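Please look through this structure with me.

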Amino acid sequence: GHARESVRKVLGVLAQERPDLVHVHGGGDPELLRAVCRGVPTVRTVHSQSFLCPGESKTYWRTGKCCPIAFGPRCLVNAYRERCATRHPGRLLSRYQRCGQNLRDARQLARLIACSEYMRGELCLNGLSRDRIELVSLFPACVPNADSAPAPTARPGTVLFVGRLVRAKG
């Protein structure tokens with residue numbers, strides 16, 4: 001009942017505000033996403049492997065190699081053979097079903113936004129049409145000119161990283 005109430009509320013807001021476009025960033029309630037797609041052109045940003053990989057990283061943890069296959073039944077086998085996903089049957093099946101639902105729902109979207117050429121390639125590998133996938137890089141290509149380039153640091157080789165270092169990110 002709670003999911004249906006959420007759908008009703010969101011559809012009420014959409015009817016009142018009448019947006020030209022809805023942008024979905026990340027996951028959420030699949031029923032809600034489908035309801036929104038029926039009423040308003042909807043785009044979704046895909047920036048992580050969890051969209052299409054039950055292991056969430058497309059990495060074979062024993063070897064460190066990237067998984068070359070598209071989403072499908074082999075993902076279930078590889079969870080055990082390659083140890084690239086949880087081997088807990090309930091969690092693995094849940095993640096597998098979520099990825100399958102993501103790919104089915106993606107076909108209802110007006111467009112997908114990929115944040116890298118690699119991610120766009122992964123979406124195409126999984127049967128999504130390249131002409132429906134927009135590439136919007138998180139890191140725009142820009143080369144500073146000599147006048148605006150920052151001065152060299154006193155400690156060469158220093159790197160600042162802001163983010164989570166977690167296994168699922170590869």
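1. **Ground rules.** This is a predicted model: local features need pLDDT of at least 70, side-chain atom pairs count only at pLDDT 80 or more, and totals for chains, interfaces and linings use all residues. Residues are numbered from 1 along each chain as its sequence is written, and side-chain values use heavy atoms, with hydrogens and water left out.

2. **The parts list.** The protein has 5 helices and 4 strands. Helices (H or I, at least four residues) and strands (E, at least two) are DSSP runs, numbered from the N terminus. Read from that end, the elements run α-β-α-β-α-α-β-α-β.

3. The protein has 170 residues, and 33% of them count as buried. Buried means under 20% relative accessible area, exposed means over 50%, and partly exposed lies in between (1.4 Å probe, protein chains only). Now take the contacts (heavy atoms within 4.5 Å). Of those with a separation of 6 or more, 46% join residues 24 or more positions apart.

4. **One strand pair.** Two strands pair if DSSP finds at least two bridges between them. Strand 1 and strand 2 pair in the parallel sense over 4 bridges. Val 22 stands opposite Thr 42 in strand 2.

5. **Helix 2.** Which residues of helix 2 are buried? They are Leu 33, Ala 35, Val 36 and Cys 37. Their cover includes helix 1 (2-17), strand 1, strand 2 and helix 4.

6. **Helix 4.** This helix covers residues 89-106, which makes 18 residues. The expected span of a helix is 1.5 Å times one less than its number of residues. For helix 4 that gives 26 Å, and the end C-alpha atoms are 26 Å apart, which agrees. Its buried residues include Leu 92, Tyr 96, Cys 99 and Leu 103. Among the elements that cover the buried residues are helix 2 (30-39), strand 2 (42-46), helix 3 (74-81) and strand 3 (111-114).

7. **Ala 106.** Ala 106 belongs to helix 4. Why does Ala 106 count as buried? Its relative accessibility is 1%, and the limit is under 20%. Ala 106 touches Phe 51, Leu 112, Leu 128 and Arg 132, not counting residues up to four places away in sequence. Ala 106 and Thr 42 are 64 residues apart in sequence and 9.9 Å apart in space, C-alpha to C-alpha.

8. **Arg 120.** Is Arg 120 buried or exposed? Arg 120 is buried, with a relative accessible area of 13%. Arg 120 lies in helix 5 (residues 117-125). Leaving aside neighbours within four places in sequence, Arg 120 is in contact with Ala 114, Arg 130, Ile 133 and Leu 135.

9. **Positive phi.** Glu 56 has a phi near 70°, a positive value in a residue other than glycine. Glu 56 sits in the loop between strand 2 and helix 3, and is partly exposed at 23% relative accessible area. Arg 83 has a positive phi near 55°, and is also a residue other than glycine. Look for Arg 83 in the loop between helix 3 and helix 4. Arg 83 is partly exposed, with a relative accessible area of 40%.

10. **A pocket.** On a 1 Å grid over the protein atoms alone, a pocket is an open set of points with protein on both sides within 12 Å along at least five of seven lines. The second largest pocket holds about 380 Å³ of space. Of its 23 lining residues, the closest to its centre are Val 24, Gly 26, Gly 27, Gly 28 and Arg 44. Lining residues have an atom within 4 Å of a point. Strand 1, helix 2, strand 2 and helix 4 each give two or more residues to this lining.

Methods
1 Å grid on protein atoms, 1.4 Å probe; cavity = no way out; pocket = protein on both sides within 12 Å on 5 of 7 lines; lining within 4 Å. Points joined across faces, edges and corners; volume = space filled by probe spheres on them.
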